[in-house]
Amino acid sequence: MGGGMEVNKNRYVEEWNAARENLEHNFRWSRRNLAIFGIFGIAIPILVYKGIVKEFHMQDEDYGRPHKKYM
């Protein structure tokens, strides 16, 4: 039914797929990787958490409730 429909492989896509499949074998820690991990893995989640808690505390103050403890 679909015979004779050969697929042309794109060399760049195949290289990207191979690099992605072997990422854990080729990864090296560097200052740049550590900085990226620190920003996106630690700093941003903490800032988001603090912002959410601050918003809840502001709502508690508006309605005259005591602050709740989160964590």
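These legends accompany a set of close-up views of one predicted model.

The model is predicted, so local features need pLDDT of at least 70 and side-chain atom pairs count only at pLDDT 80 or more, while totals for chains, interfaces and linings use all residues. Residues are numbered from 1 along each chain as its sequence is written, and side-chain values use heavy atoms, with hydrogens and water left out.

**View 1. Phe27, Trp29 and Phe37 gather in one aromatic cluster.**
Let us begin with the rings. The structure holds 2 aromatic pairs; rings of Phe, Tyr and Trp (its six-membered ring) pair if their centres lie within 6.5 Å, and planes under 30 degrees apart count as stacked, over 60 as edge-to-face and the rest as tilted. A pair of aromatic rings is described by the distance of the centres and the angle of the planes. Phe37 is partly exposed at 46%. For these labels, buried means under 20% relative accessible area, exposed over 50%, and partly exposed in between (1.4 Å probe, protein chains only).

**View 2. Phe37 sits in helix α3 and touches Trp29 and Ile42.**
Helix α3 covers residues 31–62. Helices (H or I, at least four residues) and strands (E, at least two) are DSSP runs, numbered from the N terminus.

**View 3. Ile39 takes part in a nonpolar surface patch.**
The patch is about 990 Å² and is made by Ile36, Ile39, Phe40, Ile44, Val48, Tyr49, Ile52, Phe56, Tyr70 and Met71. Patches are made of residues with over 30% relative accessible area and no salt bridge; like charges are joined within 9 Å, and nonpolar side chains (Val, Leu, Ile, Met, Phe, Trp, Tyr) within 5 Å. The areas come from the Shrake-Rupley method with a 1.4 Å probe, and for residues only the protein chains shown count as cover. Ile39 itself lies in helix α3 and is partly exposed, with a relative accessible area of 44%.

**View 4. Residues 34–52 carry a UniProt annotation.**
An unreviewed UniProt entry places the feature "transmembrane region" at residues 34–52. UniProt positions are given in the numbering used here, feature names are shortened, and annotations may be inferred rather than shown by experiment. In the model, the chain over residues 34–52 is 100% helix and 0% strand, and the end C-alpha atoms of this stretch are 26 Å apart.

**View 5. Asp60 and Arg65 meet in a salt bridge.**
Side chains of opposite charge can pair when their charged atoms come close. A search of the whole structure finds 2 salt bridges, each defined as a side-chain nitrogen of Lys or Arg within 4 Å of a carboxyl oxygen of Asp or Glu. Between Asp60 and Arg65 the N to O distance is 3.3 Å. Asp60 belongs to helix α3. Beyond its neighbours within four places in sequence, Asp60 is in contact with Arg65, Pro66, His67 and Lys68.

**View 6. Glu15 forms a salt bridge with Arg11.**
The closest N and O atoms of this pair are 3.3 Å apart. Glu15 and Arg11 are 4 residues apart in helix α1 (residues 11–21), so about one helical turn separates them. Glu15 is partly exposed at 45% relative accessibility, and Arg11 is exposed at 53%.

**View 7. Two C-alpha distances give a sense of scale for helix α1 residues Glu15 and Glu21.**
Glu15 and Val53 are 38 residues apart along the chain, and their C-alpha atoms are separated by 45 Å. Glu21 and Glu6 are 15 residues apart in sequence and 24 Å apart in space, C-alpha to C-alpha. Glu21 is exposed, with a relative accessible area of 58%.

Terms used: Contact means heavy atoms within 4.5 Å.
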